[in-house]
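Hi,

Here is the model I promised to pass on. Have a look at it first, and my notes follow below.

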Amino acid sequence: MIAVWGLTWKELIRKRVTLMTIIMTVLFWVAFWFVADAIAGERQGMSIDPSLDLFGKFLSGAMVLTLGFFFGAFAVSFLAIFSSVAAVTGEAEQGVLQSVLARPIKRSRWFMGRWLGFVTYGAIYALLLFVSIISICWFETGVIFELTVLLKSFALFASVVPLLVTMTMVGSCYLSPLGNGISMTMLFGMGWLGSTISRLMGAGNVELKGVQTIETISGLIKMVMPADALQQRMLSELFSISELSGLININRDLSTFSISGAPSNSFLIYVVIYAAALLALGLFVMKRKDF
């Protein structure tokens, strides 16, 4: 299993997806730093009572981080999806899987080795992106977070990696790499749309008939693809929304990027069970499938 883990890392480093990820990340850092500087500079040009400046800095930091993690979540999610999109079927089509499984290695160990390789690869990239976003925000706004808050937030930010890798690898047992990539991208988009609708409705930005039906549909979508819901919980923990609710209305200033309707602890438990069930399904299919 360790050998498969290492081979997965070597394969990912050689792939063009890694090079493209590095290039796009650098471009993201440049654009994000420019936006963060613009938001922080706009506030510095205003004459504000020093007693209220603390809340002003926090709001500026919240706006910067919300924008940063909005695009950062997409980067981490798509890396997790497209790095593992050909994990099973793609290897079988190229004849690599048949040569590997002919050796004295259990299919479950091969599957878990690939899974660990993809997850650790994505988690390290998530850590790099998380630290860079927090660092740029601190440099521009001066907002500092407690270590426990950062650790909890990072755990939620990176939790989409094992979830999406597991879902993609299960899909790769049945679909071709192209079909699996399209399906996962559409499913991720549906999850983001469902979470966005719930967020807008929770903030009171939209008023529609049949609200109960829409909430039910968006809730079902989030249960099937909870990636963006985890992102909302991460931001809620990072900004301590529940603790600041009586002091400041941060959602009013964030507008479209408001953090409302963050999932509960029960939902997080559901996500863990959901991901574990999918992983078990992937292992079962791997053992039974004829390649």
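Before the rest, some ground rules. This is a predicted model, so to speak: local features need pLDDT of at least 70, side-chain atom pairs count only at pLDDT 80 or more, and totals for chains, interfaces and linings use all residues. Residues are numbered from 1 along each chain as its sequence is written, and side-chain values use heavy atoms, with hydrogens and water left out.

**Overall**

The protein has 14 helices and zero strands (DSSP runs numbered from the N terminus, with H or I of at least four residues for helices and E of at least two for strands). Of its 291 residues, 45% count as buried; buried means under 20% relative accessible area, exposed over 50%, and partly exposed in between, with a 1.4 Å probe and protein chains only. Take the contacts (heavy atoms within 4.5 Å) between residues at least 6 apart in sequence: 86% of them join residues at least 24 apart. The accessible surface comes to about 15100 Å², and 69% of that belongs to carbon and sulfur atoms (Shrake-Rupley method, 1.4 Å probe; for residues, only the protein chains shown count as cover).

**Salt bridges**

There are three salt bridges in the structure, each being a side-chain nitrogen of Lys or Arg within 4 Å of a carboxyl oxygen of Asp or Glu.

Back to the opening pair: Arg-233 bridges to Glu-237 with the closest N and O atoms 2.9 Å apart, and Arg-233 counts as buried at 11% relative accessibility. Glu-237 also forms a salt bridge with Lys-152, where the closest N and O atoms are 3.8 Å apart. Lys-152 lies in helix α7 (residues 147-158) and Glu-237 in α11 (residues 227-239), so this pair ties together parts that are 85 residues apart in sequence. Lys-152 is partly exposed, at 46% relative accessibility. Through shared partners, the salt bridges join Lys-152, Arg-233 and Glu-237 into one network.

The other one is Arg-114 with Glu-11, closest N and O atoms 2.8 Å apart. Arg-114 belongs to helix α6 (residues 107-141) and Glu-11 to helix α1 (residues 2-14), so the pair ties together parts 103 residues apart in sequence. Both ends are buried: Arg-114 has a relative accessible area of 4% and Glu-11 has 16%.

**Around Val-4**

Val-4 is in helix α1 too, and is buried at 8% relative accessible area. Neighbours within four places in sequence aside, Val-4 is in contact with Ile-105, Trp-110, Gly-113 and Arg-114. The C-alpha atoms of Val-4 and Arg-114 are separated by 6.2 Å, although the two residues are 110 apart along the chain.

**Surface**

Leu-19, Met-20, Ile-23, Met-24 and Leu-27 make up a nonpolar surface patch, with about 490 Å² of accessible area together. For patches, residues need over 30% relative accessible area and no salt bridge; like charges are joined within 9 Å, and nonpolar side chains (Val, Leu, Ile, Met, Phe, Trp, Tyr) within 5 Å. Of this group, Ile-23 is found in helix α2 (residues 16-44) and is partly exposed at 38%.

Happy to talk it over.
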